[in-house]
Amino acid sequence: MTQAEIKLCSLLLQEHFGEIVEKIGVHLIRTGSQPLRVIAHDTGTSLDQVKKALCVLIQHNLVIYQVHKRGVVEYEAQCSQVLRMLRYPRYIYTTKTLYSDTGELIVEELLLNGKLTMSAVVKKVADRLTETMEDGKTIDYAEVSNTFVRLADTHFVQRCPLVPNTENSDPGPPPPAPTLVVNEKDMYLVPKLSLIGKGKRRRSSDEDTAGEPKAKRPKHTTDNKEPVPDDGIYWQVNLDRFHQHFRDQAIVSAVANRMDQFTFQTQTSSEIVRTMLRMSEITTPSSAPFTQPLSSNEIFRSLPIGYNISKQVLDQYLTLLADDPLEFVGKSGDSGGGMYVINLHKALASLATATLESVIQERFGSRCARIFRLVLQKKHLEQKQVEDFAMIPAKEAKDMLYKMLSENFISLQEIPKTPDHAPSRTFYLYTVNILSAARMLLHRCYKSIANLIERRQFETKENKRLLEKSQRVEAIIASMQATGAEEAQLQEIEEMITAPERQQLETLKRNVNKLDASEIQVDETIFLLESYIESTMKRQ
């Protein structure tokens, strides 16, 4: 665990949960697993506060617990899960594009609360959607429930581990902490709920004020009926499934940029790869190096409706993809018109390499990028060979090589002719270790995001009074509009914020938007590098 990761985790925990949870979380990240009383003693926090902080962290899957043989329960922080909080906006936006506003709010509620029952999610989302609609319009629970079922079917949400029933029937003393069990078969099984009702608005309408008991009666009946089949079955967001979707999108985009930019037809190659990935979404584990083999006939039948290409053209495209030097698509057999797989590991390696190349080009220029690609292609090169192959003067090539060497983008390997390692009798070869370079760049990305968050917090703090004033004015205007105030009165309230203050607010908004966009862009780089490193470590 590097200092940059710990600092970023600290900033994320503080921003989402406050100082006490941040203190407990960072302490566990630094020290490893510890029992409750040791955490309270080392952090100087009361037991009650530590318990509450641990409850919050466990609820959001940021801390796990383990019972040791002596009966002591130890708590351990999950740093990787804390870092995933950076990606929350991306998870929510992806769900919005796939499952519209209803899916977006379902995932948002689950991320905000950590774990929730399906009935609770459906009611909250229905209420939120009803509030945004025009007066008199509502949304049915059934509509939200259907979207939830679709999310479970595509594995974007999953059940949380449960306490097995055998523990409850045991007559002996209860264990110090419950053992949670995951049932693989039921992980995406949605309970059969008869959710009848519609979303409600927070403010009570004029029709409900007269018949107060009527409004209460359905509420009690639903509370009595619904929790029975749903009680104890909690759901959470399946982050691995989202990561699989992000990886597939990155592969499709890379194929489109490489294969489809010179073709007159629409994105044919990328659409074929997208179809193959969509067919393998649930059958292939997210950590697998290859997708399941798919026949040409299966791919042809699964192409989107209205995508008019013949079977012969599809086979030509598949052959073209399989012969490409990047080897995103590979041929694994000849049955069924040809069996094809997508080499996920090679695709991630190519994306990570392209990321490194683009960083070098931005930092050191196109000539350095040329040298980096050359060393990457030839595996090992001496300095004289680099100068000759790259056709760059010796002095410039030497400077560029040393720049990249000092920044750990390339490495130097010594091959001695004699055991004494004398410099005159030693070959010095430049080489590229993609894995170590990716780790170095990942560390820098963590530092960059921490700096961006700190800068955003500083900008907000500097303009705190102005933001509070702006919020007060907006609240006054909203309440006056609700009571039917005249335009002149509203304009008078708006003039409480002067022209220079308005300009300052615009500048602040523009700066914060830039910082937010930069965070998302850096996180996309982090995702690619993390995926490549994880895939490489599993193969070793």
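Strand β4 pairs with strand β6 (residues 234-237) in the antiparallel sense over two bridges. The model is predicted: local features need pLDDT of at least 70, side-chain atom pairs count only at pLDDT 80 or more, and totals for chains, interfaces and linings use all residues. Residues are numbered from 1 along each chain as its sequence is written, and side-chain values use heavy atoms, with hydrogens and water left out. Helices (H or I, at least four residues) and strands (E, at least two) are DSSP runs numbered from the N terminus, and two strands pair if DSSP finds at least two bridges between them.

**Sheet β4-β6-β5**

- Three strands in the order β4-β6-β5 make up an open sheet with antiparallel pairing.
- β4 (116-117) and β5 (157-159) are at the edges with a single partner strand each, so one side of each has no neighbour in the sheet.
- Leu116 has Trp235 as its bridge partner in β6, and Thr117 has Tyr234.
- β5 and β6 pair in the antiparallel sense over three bridges; the partner of Val157 in β6 is Val237.

**Sheet β1-β3-β2**

- Another open sheet has three strands in the order β1-β3-β2, again with antiparallel pairing.
- Its edge strands, β1 (34-35) and β2 (63-67), each pair on one side only.
- Two bridges join β1 to strand β3 (residues 73-77) in the antiparallel sense, and Pro35 stands opposite Glu74 in β3.

**Helix α7**

- Helix α7 (residues 118-132) has 15 residues, which at 1.5 Å a residue should span 21 Å; its end C-alpha atoms are 22 Å apart, in agreement. The expected span is 1.5 Å times one less than the number of residues.
- Its buried residues (under 20% relative accessible area, where exposed is over 50% and partly exposed is in between, with a 1.4 Å probe and protein chains only) are Met118, Ser119, Val121, Val122, Val125, Ala126, Leu129 and Thr130.
- These residues cover an arc of only 155 degrees around the axis, which puts them on the same side of α7; the arc is that of the directions from the helix axis to the C-beta atoms.

**Helix α13**

- The 21 residues of α13 should span 30 Å at 1.5 Å a residue, and the end C-alpha atoms are 30 Å apart, which agrees.
- α13 is mostly covered, with 15 of its 21 residues buried.

**Cavity**

- On a 1 Å grid over the protein atoms alone, a cavity is a set of points where a 1.4 Å probe fits but cannot get out, and a pocket is an open set with protein on both sides within 12 Å along at least five of seven lines; lining residues have an atom within 4 Å of a point.
- Grid points are joined across faces, edges and corners, and a volume is the space filled by probe spheres set on the points.
- The count comes to one cavity of 30 Å³ or more, and the largest cavity has a volume of about 30 Å³.
- Its lining consists of Gln244, Arg247, Asp248, Leu277, Ser280, Glu281, Thr284, Thr291 and Leu344.
- Helix α13 (residues 239-259) gives the most to this lining, with three residues.

**Second largest pocket**

- The second largest pocket has a volume of about 1300 Å³.
- Of its 45 lining residues, Ala349, Ser350, Leu351, Thr353 and Ala354 lie nearest its centre.
- The elements giving two or more residues to the lining are α13, α17 (344-364), α18 (366-378) and α24 (499-539); α13 has the largest share, ten residues.
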